[in-house]
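Look over the sequence and the model shown here, and then work through the exercises, trying each task before reading its solution.

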Amino acid sequence: MFHLGFLPDVLNCNVCTLPISQLFMSLCRKKLTIDDIHDIYGLRLIVDKEEDCYKALTVVHRLWSEVPGKLKDYICRPKFNGYVVAQL
């Protein structure tokens with residue numbers, strides 16, 4: 001069992017995988033290697049408060065290393081259409 005520190009109240013948690021057909025198309029069309037694909041697995045945590053989002057992100061980064069340049073912080077800078085999320 002890992003000690004993860006503070007884990008906020010998670011309202012919803014989804015884990016998903018990239019469909020093999022999309023993986024194959026990304027490899028062929030974009031001429032990528034499997035090491036270039038960073039979204040084979042996805043984790044979605046829905047929390048109630050903005051501060052809990054950053055706390056959950058800290059916990060996630062304790063488990064998996066951050067990929068430099070991949071974090072899109074739409075909480076700090078929301079999109080024009082109101083989309084608010086921290087997306088890796």
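The exercises below go from the whole chain to single residues.

This is a predicted model in which residues are numbered from 1 along each chain as its sequence is written. Local features need pLDDT of at least 70, side-chain atom pairs count only at pLDDT 80 or more, totals for chains, interfaces and linings use all residues, and side-chain values use heavy atoms, with hydrogens and water left out.

**Exercise 1. The chain as a whole**

Find the order of the elements along the protein chain, and state which element has the lowest mean pLDDT and which the highest.

Solution. Begin with the elements, which are DSSP runs numbered from the N terminus, a helix being H or I with at least four residues and a strand E with at least two. The protein chain has two helices and four strands, and from the N terminus on they run β-α-β-α-β-β. Next take pLDDT, the predictor's confidence in each residue, from 0 to 100. The average for the protein chain is 79, and 88% of the residues score at least 70. Among the elements, strand S4 (residues 86–87) has the lowest mean, 69, whereas H1 has the highest, 88. Where pLDDT is low, the predicted coordinates should not be read in detail.

**Exercise 2. Helix H2**

Determine which residues of H2 are buried, and how they are placed around the axis.

Solution. Of the 88 residues of the protein chain, 15% count as buried. In H2 the buried residues are Asp52, Cys53, Ala56, Leu57, Val59 and Val60. They lie on the same side of H2, because the arc they cover around the axis is only 160 degrees, taken from the directions from the helix axis to the C-beta atoms.

**Exercise 3. A salt bridge**

Solution. A salt bridge is a side-chain nitrogen of Lys or Arg within 4 Å of a carboxyl oxygen of Asp or Glu. Glu51 and Lys55 form this bridge, with their closest N and O atoms 3.7 Å apart. Because they are four residues apart in helix H2, about one helical turn separates them.

**Exercise 4. A nonpolar patch**

Identify the residues of the nonpolar patch on the surface, then place Trp64 in the chain.

Solution. Patches are made of residues with over 30% relative accessible area and no salt bridge, where like charges are joined within 9 Å and nonpolar side chains (Val, Leu, Ile, Met, Phe, Trp, Tyr) within 5 Å. Val15, Leu43, Leu63 and Trp64 form the nonpolar patch, and together they have about 420 Å² of accessible area, a value from the Shrake-Rupley method with a 1.4 Å probe, for which only the protein chains shown count as cover. Trp64 is in the loop between helix H2 (50–63) and strand S3 (72–73), and its relative accessibility of 51% makes Trp64 exposed.

**Exercise 5. Lys31**

Solution. Lys31 belongs to the loop between helix H1 (20–29) and strand S2 (41–47). Phi of Lys31 is near 55 degrees, which is a positive value in a residue other than glycine. Most residues other than glycine have a negative phi. With a relative accessibility of 72%, Lys31 counts as exposed.

How values were computed:
Buried < 20%, exposed > 50% of the residue type's maximum accessible area, 1.4 Å probe, protein only.
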